[in-house]
Amino acid sequence: MEAFLSNIDRVVDGFSWTVRLTLVSALLSFVLGILLTAMRASPVPLLRGLATSYVEGVRNTPLTLVLLFCGLGLNSALGLSMADSVAMDVFWWAVIGLSAYTACFVSESLRAGINTIPLGQVEAARSLGLTFTQNLRLIVIPQALRTVVGPLGSVLIALTKNTTVASVAGLGVQEASREMKLMFDQGIAPVLPTFVGFAIGFLILTLPTGYFFGWLSKRVAVVR
Amino acid sequence: MTSTPLVVLENVNKHFGDLHVLRDINLTVNSGEVVVVIGPSGSGKSTLCRTINRLETIDSGTITLDGQPLPAEGRGLAKLRSDVGMVFQSFNLFAHKTVLQNVTLGPTKVLRQGKAEAEKRGMELLDRVQIGDQAHKYPAQLSGGQQQRVAIARALAMNPKVILFDEPTSALDPEMVQEVLDVMTDLAREGMTMVVVTHEMGFARRAANRVIFMADGQIVEENTPDEFFTNPRSERAQDFLSKILTH
């Protein structure tokens, strides 16, 4: 245990990158997820078709493949670059891969939320003269979001843990599990306490997330 | 009272699959007029009401509002709908917004009124339907009758040319029906143009200028309330009235 604690700086640094990956990807996937949901609810068949194919396609692809596609495919093979330094370049590619993947789950949750809104409210909004986008923005999405706060919390927890895939799937991005593996490789950390230590580290991130979202979902619930 | 035609339906037909729900409907609602539509369930009266702001599309025929044909979709349709108030059977208040926000949403977002102006007018309307003291509650905290009165205030806030009522009291507990009908009767007296689908014969007698009797997707009879209730001409209407007026 002392050997683990003596490397606590590296552990904390690893987790700080996990948090950064998670937060940036969460934000991006949230925005993308709302966009996909809006497209899927739209009266334009082309937009609906595009969004549905995207969600069904990416949601059913293993995250490892999505991240390999970003790292080996777009970044290495096609030479697309997101930043000057290698570390930041892989960071942003990992964010893109994680967001592209997680957005599908955000969209699916939101769609479930939309289905709970009585059609009558949408008709009432239409009757007032609200346009389609106003209806989505003012009536549908706000209520859908409130109903799916709990499920979105689960998506966020999954995303937090999924960041660990980014370092093994071709993108040598810095995050907690990569730090752990490096510590093993360098032979400076005893295996069992280190595993337990990192597992607790993830619990420290995800448990409060779960509780917070549980509390929030009760707080913002729409009473019908 | 003026008698300029405000809502005009000509040869309107609509099908739900094989069911011919509206058959050659011709109807003119004049400005300031209160038209009550009655008839048995499934006669197409709600559908008729909903075609007027295009919540239901029609298969053939024309509908005009103030001389303008209904736009098929887009901003033109949204603009037209802002001139046509609608009050639903199930109230359909926005559950995540307070009573006052329900009333000010249309004016601020569609008519682009300032918030203060919309709230001032909103409070006036809520006071008028005697619910001003509940302005900051959420719909779920109100009784059905109160919710329906808010829905009426929400429609009035848009200064509509006509208000459509689609069975506004059918989902209410009996003791709450009167408070909603009272508000509607006042509106009728003040000269609001109204199309009311209802089973409330008392309201029809009291407030209507004209009663439309529908059966099987057709307008079977059209008359003043006095004439219709005391002397229905068609057999279908006689049969309908004998069933509802005896209990």
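The legends below describe close-up views of a predicted model.

**View 1. Overall form of chain B.** Chain B contains 9 helices and 10 strands, and its C-alpha atoms fill a box of roughly 55 × 40 × 40 Å along the principal axes. Of the 247 residues of chain B, 56% count as buried.

**View 2. A positive surface patch with residues from chains A and B.** The patch is formed by A:Arg137 together with B:Arg75, B:Lys109 and B:Arg112. B:Arg75 is placed in helix H2 of chain B, which spans residues 74-82, and B:Arg75 counts as exposed because its relative accessibility is 65%, where exposed means over 50%.

**View 3. A salt bridge between B:Lys161 and B:Asp83.** The two side chains meet at 3.6 Å, N to O. This pair links distant parts of the chain, 78 residues apart, with B:Lys161 in the loop between helix H5 (144-156) and strand S7 (162-166) of chain B, and B:Asp83 in the loop between H2 and strand S6 (84-87) of chain B. B:Lys161 is partly exposed, at a relative accessible area of 32%, whereas B:Asp83 is buried, at 16%.

**View 4. A salt bridge between two helices of chain A.** A:Glu179 forms a salt bridge with A:Arg10, and the closest N and O atoms are 3.0 Å apart. Because A:Glu179 lies in helix H9 (residues 176-185) of chain A and A:Arg10 in helix H2 (residues 8-41) of chain A, the pair ties together parts that are 169 residues apart in sequence. A:Glu179 is buried, with a relative accessible area of 6%, while A:Arg10, with 23%, is partly exposed.

**View 5. A salt-bridge network in chain A.** A:Arg40, A:Glu56, A:Arg59, A:Glu108 and A:Arg111 are linked in a network of salt bridges. A:Arg111 is partly exposed, with a relative accessible area of 35%, but A:Glu108 is buried, with 18%.

**View 6. A nonpolar patch on the surface of chain A.** A:Val191, A:Phe195, A:Val196, A:Ile200, A:Leu203, A:Ile204, A:Leu207 and A:Tyr211 form this patch, which has about 810 Å² of accessible area together. A:Leu203 lies in helix H10 (residues 191-220) of chain A and is partly exposed, with a relative accessible area of 46%.

Key: Residues numbered from 1 in each chain as written. Chains lettered and ligands numbered in written order. Predicted model: local features only at pLDDT ≥ 70, side-chain atom pairs only at ≥ 80, totals over all residues. Heavy atoms only, no water. Patch = residues over 30% accessible without salt bridge, like charges linked within 9 Å, V, L, I, M, F, W, Y side chains within 5 Å. Areas by Shrake-Rupley, 256 points an atom, 1.4 Å probe, with all protein chains shown as cover. Salt bridge = Lys/Arg side-chain N within 4 Å of Asp/Glu carboxyl O. Lys, Arg positive; Asp, Glu negative; His and termini not counted. Charge placed at Lys NZ, Arg CZ, Asp CG, Glu CD. Helix = DSSP H or I, 4+ residues; strand = E, 2+ residues; numbered from the N terminus. Buried < 20%, exposed > 50% of the residue type's maximum accessible area, 1.4 Å probe, protein only.
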